[in-house]
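Let's walk through this model together, one piece at a time. Have the structure open and follow along as we go.

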Amino acid sequence: MYLRELNQSITMLRGAGPAMSEKLARLGIYSVSDLLLHYPRDYDDRSVFIGLDASLAGGRANTVVEVLSHDWFGFGRMRTLRIMVRDSLGGTEAALLCFNRPFLEQALPVGCRAVVTGKFQFRRGELQSSAFETERLVEGQATPQGVLPLYPATEGLQVGHIRKLVREALREFGSRVEDELPPFLIGRRGLLHKREALQGIHHPEAAGELLAARESLIYEELFYFQLAVARRSLIRKRNTVRRNPSRGALRNRLLERLPFALTADQKTAAAEIVADMALPHPMGRLLQGDVGSGKTLVAFLACLEAIEAGGQAALMAPTELLARQHAQTAARLLEPLGIRLAFLSGNVEDAARPPLLAALKAGDVDLVLGTHALFQDEVEYRSLRLAVVDEQHRFGVLQRLALGRKGPLPDLLMMTATPIPRTLALTVFGDLSVSTIRTMPPGRKPIETHLARTGNERKVYDYVRRLLEAGRQAYFVYPLIGASERSPAATGAELKNAEAMFEKLAKEIYPDFRVGIIHSRLKEDEKRATMDSFARGEIDLLVATSVVEVGVDVPNAAAMVVEHAERFGLAALHQLRGRVGRGLEQSYCFLVYAEALTEDGKARLKAMLATTDGFLLAEEDLRIRGPGELTGTIQSGSLRLTIADPARDLAILEKAREDAFAIVEKDPGLLAEEHRNIREVLARANPFGDAPVGKG
Ligand code: ADP
Ligand code: MG
C-alpha cells in the first residue's frame, strides 16, 4: 500500500478518542496517512541534557523541571500566565512566560514534572524564558531521550499526544507502506525505503538517521514534481509540427531599418529563439532582461520569423496601455515591411470585433497585439505559430498552461524584467529554457537617483523645471488617484493624490508647461489619447499613478518623480525608475518620502539609492520581504510541496530532475515493469492534476 492509500480513520488508532480526533481535525488530520504526513516541524535533541544555569553560557536549556506555582500578570487581553519551575539538575528556579499560551495552565499543573527546552535569560532579577517548549511527564515516566520530534500542535493537543499517536500509527501500519520510488532509483541515489524514511522522520534514532530520512522524502517529492514537469514538456514535444525555417529576410529588413545595432545579448537571444523555432517541437522559452534592455525588439524578431515561415504571431501584454504601446511600436517598425497588424483587447468595440476575429481566422492578420483577450475561447487563429507574453510575472502559471492548450501548440516566448532565481525557474518553469539580456543598449547613462524628504520637494520641482526648459519630459507618480480614495494603511496622515497634484502642478508650479494626467479610472480612449500626446511630446509633464509602471517607453522623458515613495514596493519603484533613462541623455529619479518611515520602507529606499541593477534589487527585495511571495507563485501552480523547498534543496532538485526527465524520455507511457510503482502512484494520487501523456 502506498502512504496516501492509508485512509483509515485515525479513530482506529489506540488513544484517539472523539475528543482527540476533533482536535486533530483542526490540524487537517483525519486519516492515518494525514497523520503520517504531518511531519515534525523541528526536533529536540535530548541526547544531551543542559541545565537552566548551564544554558546561560549561550545554548538551549534541555532539562526536567518541577512546576512550583502559577501566577498572572498584565491586564485584559494582555493577561499572561507565568509559571515558576525548579530545575531537577541543580535546583535553579526560573519563570516561564506563557505569552499567548494560556492553555499551559491546564497542561502544566502545579506539582507536575515536565521537560523544558529553550533559551533562558537573566532579566529583572530572575531567570526567564518566553521561547520554550514543554512536555509534561506523566507519573513514573522515564525522562524521554534521543532526538524527539516537535509537531505543529494546536490548543489542548500536546506534542506528546501526537508523538504517541504517530508511534502507534507507525507500529500498526508502517510495515505495510510501499515505496513510491522505483527500486533502481532508491539504489542509485542511496535513499531509504519509504517505511524507513517515515520511521526516521518521525522517530529518528540519531541525527544521522533523520538527515537520511529527510533527504529521501524530499527527493521523492521533488521527483514526482519534476516528473510532472517532464511529462508536460514531453506533451509539448510530442506535438510536432512541420517546421519551415525562414531565410530571415524579414528580420534582416527590420534590422536594416533600425537606427541602431542590436546589442550582443539581444543578438544571442534572438539567435537562440530562432534556433528553437526551427526545431520540430514547440519552443518554450523565457526571455529575461532588466527594464529597458530591449526585449520588445527581440520579440518582434521572433514574430517576423513566425510570419516569414507562414504562420501568425500574437503578442500579449498585461495592461491595455502597454499593449497599445506595443501596437504602436509595431506599426512604426513592422508595417513598413508589409506585416498586417491587428489590435485586440476587452475594450475593442463590439461592432469591430467580428471582422477582426474573422480576419484572424482567415489568416489575414499576421501579428495581433493585445491583452489576455487574445487567448479567449472565441478567438481562433488560422495558424498561430508564436505566442509572446510580455511581463509574464503578472500572469499566473495556470494562465500559461491554458495558453499552451490553445490549438496546435504554438511556440511560446515569455518576457520578464523580474529576474527569476535559477532555482525557481527550474521549479516553476521547469520545461522552459532561458535567454538573458544582461547589458543595456550602449550610450545609456545610469539614472541618477535622489531622495528628498516631504517638505523639500520644492528643490525637486525646481530641478525638474530646468529639465522641462531644456525640452525634456517628466513623470510625477502618486500612490492615490483622488482624495476620495483612502489607502488602507493611510491612518490620519494626508497622502498626496494624483488629481489634486495635477491641479497644483498645472496651475501653481508649472503654469507655463503642458501637464496631463493618467490613471486607471479614466476611459481607455482617454488614457490612450493622453499617452499618445505624451509620447509625441505634446505634453511635457505626466501626472500618473502606477499605471505607468510597466513597459511604458518614452525615451525623451528625463525625470521620474515618485511622491510618497515609501508607499511603493521595491519592484514597483524599480519599474517606475525604468521609465526614464531610455535615451542617450542623463535622466533622474527623485524619490520623495514622508517622515515616519518603517524599517522596510527605509531599506527599500536605501536599496534604490544603492543600485540600478534589477537583478540585485530583486535579491534585495527577497531579503526584505522574505520569500513568501515567490513561494506563493509556486503554490498557485497547484503544486503542493510539503517537505521540499526548491530554493533550499537545489542539489536534490537537480538529481530528481535528471532522473525524472530520463525516465520520461525512455518510457513516456511508464509502461516498463521497473516503472510500475510510478505508474500506480500517479494513477492513485495524481497530485499535480496532469493530463495523461499522449492526450495533450
Ligand atoms: P524592455 O526590455 O524594458 O521591454 P524596451 O524593449 O521597451 O525594453 O526597450 C527600451 C528602449 O530601448 C526602446 O526605446 C528601444 O527602442 C530601445 N532599444 C532597444 N534595443 C536597442 C539597441 N540595441 N540600441 C539602442 N536602443 C535600443
Ligand atoms: Mg518591455
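β6 and β7 make a hairpin with two residues between them, and arginine 124 in the turn has a positive phi of about 45°.

Before going on, a word on the ground rules: this is a predicted model, where local features need pLDDT of at least 70 and side-chain atom pairs count only at pLDDT 80 or more, while totals for chains, interfaces and linings use all residues. Residues are numbered from 1 along each chain as its sequence is written, chains are lettered from A and ligands numbered from 1 in the order in which they are written, and side-chain values use heavy atoms, with hydrogens and water left out.

Back to β7 (residues 126-129). Which of its residues are buried? Glu126 and Gln128 on one side are, and so are Leu127 and Ser129 on the other, leaving both faces covered. Buried means under 20% relative accessible area, exposed over 50%, and partly exposed in between (1.4 Å probe, protein chains only). In a regular strand the side chains alternate between the two faces of the sheet.

On to the β4 side of β7: two bridges join β4 to β7, and this pair runs parallel. Alanine 95 has glutamine 128 in β7 as its bridge partner. β4 (residues 93-98) is also joined to β3 (residues 80-87), by six bridges and antiparallel, with arginine 86 partnered by glutamate 93 in β4.

Zoom out and you get an open sheet of seven strands, ordered β6-β7-β4-β3-β2-β5-β8, with mixed pairing.

Asparagine 100 has a positive phi of about 55° although it is not a glycine, and it is exposed, with a relative accessible area of 73%.

Now for another open sheet. Seven strands line up as β12-β13-β11-β14-β15-β10-β16, and the pairing is parallel. β12 (341-344) and β16 (433-437) stand at the edges with a single partner strand each, so one side of each is left without a neighbour in the sheet. Neighbouring strands here are turned by 20° on average, direction ignored.

Inside this sheet, five bridges join β10 (residues 284-289) to β15 (residues 411-416) in parallel; arginine 285, for instance, has leucine 413 in β15 as its bridge partner. Helix α11 (residues 295-308) packs on the sheet and touches β10, β11, β13, β14, β15 and β16, its direction making about 170° with that of β14. Contact means heavy atoms within 4.5 Å. Helix α13 (residues 353-362) packs on the sheet too, touching β11, β12 and β13 at about 130° to the direction of β12.

What surrounds ligand 1? There are 17 residues, the closest being Gly292, Lys295, Thr296, Arg444 and Asp553, where near means a heavy atom within 4 Å. A backbone N or O atom of glycine 292 lies 2.6 Å from a ligand oxygen. An N or O atom in the side chain of lysine 295 is 2.8 Å from an oxygen of the ligand, and a polar side-chain atom of aspartate 553 also lies 2.8 Å from a ligand oxygen. The protein covers 85% of the 570 Å² of accessible area that ligand 1 has on its own; accessible areas come from the Shrake-Rupley method with a 1.4 Å probe, and for residues only the protein chains shown count as cover.

Finally, look at the loop between α23 (650-666) and α24 (676-685), where you'll find leucine 670. Its phi is near 55°, a positive value in a residue other than glycine. Is leucine 670 buried or exposed? At 3% relative accessibility, leucine 670 counts as buried.

Definitions and conventions. Pairing = 2+ DSSP bridges. Helix = DSSP H or I, 4+ residues; strand = E, 2+ residues; numbered from the N terminus. Axes fitted to C-alpha atoms, helices over the stretch in contact; angles between N-to-C directions. Polar contact = N/O pair within 3.5 Å; in protein donor to acceptor, adjacent residues only side chain to side chain.
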